[in-house]
Amino acid sequence: MADLEIIGVPMSNYVRSVRMLCEEKGVPYKLNPAFPHTPDVTAISPAGQIPCMRHGDVGVFESKGIATYIDKAFAGPKFIPDDAAGAAACEQWVSYGNVKVDRWIMRELVVPSVFFDKEKGPDTAKIDAAVPEIAKVAKVLDDALGRSEYLAGNSLTFADMNVLPMLDYGMMFPKSKAVLEGHKNLMAYYARLSARPSFTNTAPPPRG
Ligand SMILES: N[C@@H](CCC(=O)N[C@@H](CS)C(=O)NCC(=O)O)C(=O)O
């Protein structure tokens with residue numbers, strides 16, 4: 001069978017999530033570090049977004065779609081549960097991650113802290129407005145992690161791999177780090193999961 005190809009630059013949190021899944025399952029893959037909207041990406045993703053995946057004749061875009069394919073197509077431990085309640089819990093936390101964690105940590109704080117007009121400087125009003133929203137998100141995650149060891153119960157699922165790279169970016173910026181650090185269950189979870197080889201082997205390159 002053809003090699004599995006993960007397409008997307010390693011600084012993308014969503015690329016990291018699907019790479020973490022490959023690492024946890026022990027699935028070999030080749031990373032094609034393509035930027036969004038480049039030909040290898042637009043050949044699969046109509047929106048030009050990363051990650052994409054190619055495996056023989058199969059091309060997939062959207063990280064959750066890619067994760068579902070990898071979890072089903074390859075041997076190894078399962079990270080998307082099969083039972084109805086487990087599958088729903090995993091899906092629920094992936095959606096929450098993509099709608100709330102991604103919005104407030106990545107799009108409203110990390111991205112405007114990194115990409116800005118050099119003459120104008122970062123949009124501090126936008127960044128400051130994200131801080132109380134990050135506090136709400138951190139409380140939701142912290143409460144869930146007070147009830148179970150992982151987001152979707154007591155075993156690791158793709159929902160954890162989805163959210164962890166976003167949390168990691170949040171921990172790199174002082175304003176989001178200060179909020180996240182105030183949440184004991186969330187910090188214990190971050191410390192535990194960030195020690196896993198799937199996390200350390202997929203670290204984004206240092207910011208220049
Ligand atoms: N819902 C998508 C989000 C992917 C996403 O936002 N990718 C970013 C990089 S982290 C991207 O390609 N941005 C370029 C764009 O949106 O035009 C997924 O889960 O794969």
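Start with strands β1 (residues 4-7) and β3 (residues 52-55): four bridges join them, and they run antiparallel. Strands here are DSSP runs of type E with at least two residues, helices are runs of type H or I with at least four, and both are numbered from the N terminus. Two strands pair if DSSP finds at least two bridges between them. The model is predicted, so local features need pLDDT of at least 70 and side-chain atom pairs count only at pLDDT 80 or more, while totals for chains, interfaces and linings use all residues. Residues are numbered from 1 along each chain as its sequence is written, and side-chain values use heavy atoms, with hydrogens and water left out.

**The sheet**

Now select the whole sheet. Four strands form it, open and with mixed pairing, in the order β2-β1-β3-β4. The edges are β2 (30-32) and β4 (58-61), each pairing on one side only. Neighbouring strands are turned by 20° against each other on average, direction ignored.

**Glu5**

Zoom in on Glu5, in strand β1. Its bridge partner in β3 is Arg54. Is Glu5 buried or exposed? Glu5 is buried, yet has no salt bridge. Buried means under 20% relative accessible area, exposed over 50%, and partly exposed in between (1.4 Å probe, protein chains only). A salt bridge needs a side-chain nitrogen of Lys or Arg within 4 Å of a carboxyl oxygen of Asp or Glu. The nearest side chain of opposite charge to Glu5 is Lys30, 4.2 Å away. Charge is assigned simply: Lys and Arg count as positive, Asp and Glu as negative, and His and the chain ends are not counted.

Show Asn32 next. Its side chain makes a polar contact with the side chain of Glu5 (2.9 Å). That term means a pair of N or O atoms within 3.5 Å; within protein, one must be able to donate a hydrogen and the other to accept it, and residues adjacent in sequence count only if both atoms are side-chain atoms. Leaving out residues up to four places away in sequence, Glu5 touches Lys30, Asn32, Cys52, Met53 and Arg54. Contact means heavy atoms within 4.5 Å.

**Salt bridges**

The count comes to 11 salt bridges. Visit three of them.

- Select Asp71 and Lys25: their side chains meet at 3.0 Å, N to O. Asp71 lies in helix α3 (residues 63-73) and Lys25 in helix α1, so the pair ties together parts that are 46 residues apart in sequence. Both residues are buried.
- Select Lys64 and Glu91, also joined by a salt bridge (3.0 Å, N to O). Lys64 is in helix α3 and Glu91 in helix α4 (residues 84-114), 27 residues apart. Lys64 counts as buried at 15% relative accessibility. Glu91 is partly exposed at 36%.
- Select Lys139 and Asp143, whose salt bridge is 2.7 Å, N to O. Both lie in helix α5 (residues 124-147), four residues apart, about one turn of the helix.

**Last stop: Gln49**

Find Gln49 in the loop between α2 (39-42) and β3. Gln49 is partly exposed, at 41% relative accessibility. Beyond residues up to four places away in sequence, Gln49 touches Val41 and Glu62.

Definitions and conventions. Axes fitted to C-alpha atoms, helices over the stretch in contact; angles between N-to-C directions.
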